[in-house]
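The entries follow in the order I made them.

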Amino acid sequence: MTGPFDELLKESAIFARRDCLSPHFIPDSLLFRDEQIANIVKALTPSLRGERGRNLFIYGKTGTGKTSCVRYVIEEVKKLPTVRSKISYLNCRIYSSRYRVLSKIMNDHLPTYSKRGYGLVDIYEKLISWIEEDGKVLMVVLDEIDLVKDLDDLVYTLTRANSDIKNGSITIVGISNKISMKEELDPRSLSTLYENELVFPPYNSRELLAILEQRASLGLKDGVYDRAALGLAAAIAAKDSGDARLALKILSGAAEIAENEHREKITTAEVEKASKSAEEELAYELISTLPEHQRLVMYAIATLTIQGGRYRKLAEGTETYLFSGEVYDKYSAIANSMAKQPKSSRWYRKYISDLEMQGLIATYESGRGIRGHTKLIKLDYPAQRVKETIERGLFKEAEANVQKEEPENQETEN
Ligand SMILES: Nc1ncnc2c1ncn2[C@@H]1O[C@H](COP(=O)(O)OP(=O)(O)OP(=O)(O)O)[C@@H](O)[C@H]1O
Ligand SMILES: [Mg+2]
């Protein structure tokens with residue numbers, strides 16, 4: 001008799017260890033990152049010796065190995081027999097405000113203290129007295145730091161703590177893939193965070209191929225893939241962005257297809273198929289985590305693309321290009337309808353260039369002829385899916401706001 005789980009529980013013909021292909025998996029050795037790892041270690045060494053270290057800021061595009069390298073170093077540090085240095089690693093996608101960051105730090109080190117309900121001032125004072133107890137050196141790693149809503153306040157508070165602490169110190173390691181971070185920060189936060197800066201370059205296709213080979217040998221069965229297939233996945237990811245996460249996603253997608261279609265091997269055909277959906281999936285992930293107003297601009301673009309902008313009406317039969325001006329009007333209308341103040345057109349132009357840099361849209365100069373000289377915008381992904389992705393996000397947020405029990409009102413100034 002066959003049961004409903006038989007197919008699922010059957011040993012895979014393709015995968016040896018599926019988890020090795022997941023983006024959360026950190027291999028024992030991170031290829032091509034010796035220099036970056038050595039620099040992270042160097043920046044953290046004073047802290048490990050019990051001295052105040054310099055803050056470190058790590059920048060690199062998505063999938064360049066920032067999180068993996070830092071987590072790798074943290075694991076190594078944890079193996080050391082030092083007592084005085086403490087580390088908190090936080091992903092600011094989750095800990096996205098000063099209050100949440102400070103609560104999480106306390107929760108990491110003093111779980112009995114940090115039951116809900118303390119105000120910011122209490123937490124701050126407790127943190128300082130805990131550090132001063134025996135001159136601790138605390139390292140706070142803030143991954144995806146650009147997602148902290150009140151980052152200037154957070155940096156100010158941590159800096160202020162450092163000067164209040166008589167015995168011990170706090171070192172900040174910030175990580176971000178957002179290039180415009182520098183422009184948005186207060187100059188004081190900037191000079192605090194960027195005491196040391198470390199850049200992670202994108203990977204080229206040769207490097208991506210080696211990374212894929214390393215993972216394939218761990219995650220896939222022998223003989224189920226060939227170099228040409230991995231090479232194609234590496235080349236696609238290198239051309240697009242030099243993003244190791246994308247390369248891995250394509251490979252695991254191709255493996256999944258081979259498995260489902262009962263193929264013996266992963267070939268370039270499966271890779272091609274997988275690359276289409278992997279790129280789209282990453283784009284939707286990116287869209288759903290865009291800052292609020294950029295997301296509303298994307299929403300305006302998707303809606304207008306579906307409705308057909310004024311340009312299409314002018315130039316019948318062309319792909320859907322939108323006038324920058326009509327997108328701005330639509331965005332403003334959407335923001336207003338949600339009782340949010342639309343940002344100025346100067347900000348809007350910055351959002352457009354951010355969205356273009358992230359590969360979500362393309363822009364063109366219209367050339368002369370159509371109303372003088374204007375910018376045209378084209379969405380690079382299917383409009384309906386983009387629209388639905390954003391709607392789902394907005395819906396979830398509305399729900400979360402209703403359920404939220406965090407004492408935001410306790411975020412009193414200190
Ligand atoms: N040098 C490397 N060797 C092996 N695997 C790597 C390497 N760099 C990245 N990877 C793999 O690529 C994936 C993405 O890496 P990681 O999460 O560190 O990127 P990131 O720079 O933090 O990206 P983001 O800015 O999007 O957070 C992970 O699965 C990681 O294991
Ligand atoms: Mg990361």
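Which residues is His 109 in contact with, once its neighbours within four places in sequence are left aside? I found Lys 86, Ile 87, Ser 88, Trp 130 and Leu 138, where contact means heavy atoms within 4.5 Å. His 109 sits in helix α4. Its side chain makes a polar contact with the side chain of Ser 88, at 3.0 Å. I took a polar contact to be a pair of N or O atoms within 3.5 Å; within protein, one must be able to donate a hydrogen and the other to accept it, and residues adjacent in sequence count only if both atoms are side-chain atoms.

**Ground rules.** I am working with a predicted model, in which local features need pLDDT of at least 70 and side-chain atom pairs count only at pLDDT 80 or more, while totals for chains, interfaces and linings use all residues. Residues are numbered from 1 along each chain as its sequence is written, chains are lettered from A and ligands numbered from 1 in the order in which they are written, and side-chain values use heavy atoms, with hydrogens and water left out.

**The whole protein.** I noted 17 helices and eight strands; helices (H or I, at least four residues) and strands (E, at least two) are DSSP runs, numbered from the N terminus. Of the 414 residues, 47% count as buried, which is to say under 20% relative accessible area, with exposed over 50% and partly exposed in between (1.4 Å probe, protein chains only). Among contacts with a separation of 6 or more, 73% join residues 24 or more positions apart.

**Helix α6.** This helix covers residues 151-164, 14 residues in all, and reaches 20 Å from its first C-alpha to its last, close to the 20 Å expected at 1.5 Å a residue. The expected span is 1.5 Å times one less than the number of residues. Which residues of α6 are buried? My list reads Leu 151, Leu 154, Val 155, Thr 157, Leu 158, Ala 161 and Asn 162. Seen down the axis of α6, these fall within an arc of 160°, so they line one face of the helix; the arc is that of the directions from the helix axis to the C-beta atoms. Their cover includes α4, α5, β3, β4, α7 and α8.

**Ligand 1.** I counted 23 residues around ligand 1, the closest being Leu 31, Thr 62, Lys 66, Ser 68 and Tyr 203; a residue is near if one of its heavy atoms lies within 4 Å. Helices α3, α9 and α11 each supply at least two residues of this shell. A backbone N or O atom of Leu 31 lies 2.6 Å from a nitrogen atom of the ligand. On the oxygen side, an N or O atom in the side chain of Lys 66 is 2.7 Å from a ligand oxygen atom, and a polar side-chain atom of Arg 245 lies 2.9 Å from a ligand oxygen atom. Taken alone, ligand 1 exposes 630 Å², and the protein buries 96% of that.

**Two last look-ups.** Leu 21 is in the loop between α1 and α2 and counts as buried at 3% relative accessibility. Leu 248 is 227 residues away from Leu 21 in sequence, yet 6.5 Å away in space, C-alpha to C-alpha. Gln 36, in helix α2, is buried at 7% relative accessibility. Not counting residues up to four places away in sequence, Gln 36 touches Leu 198, Val 199, Phe 200 and Pro 201.

Terms used: Areas by Shrake-Rupley, 256 points an atom, 1.4 Å probe, with all protein chains shown as cover.
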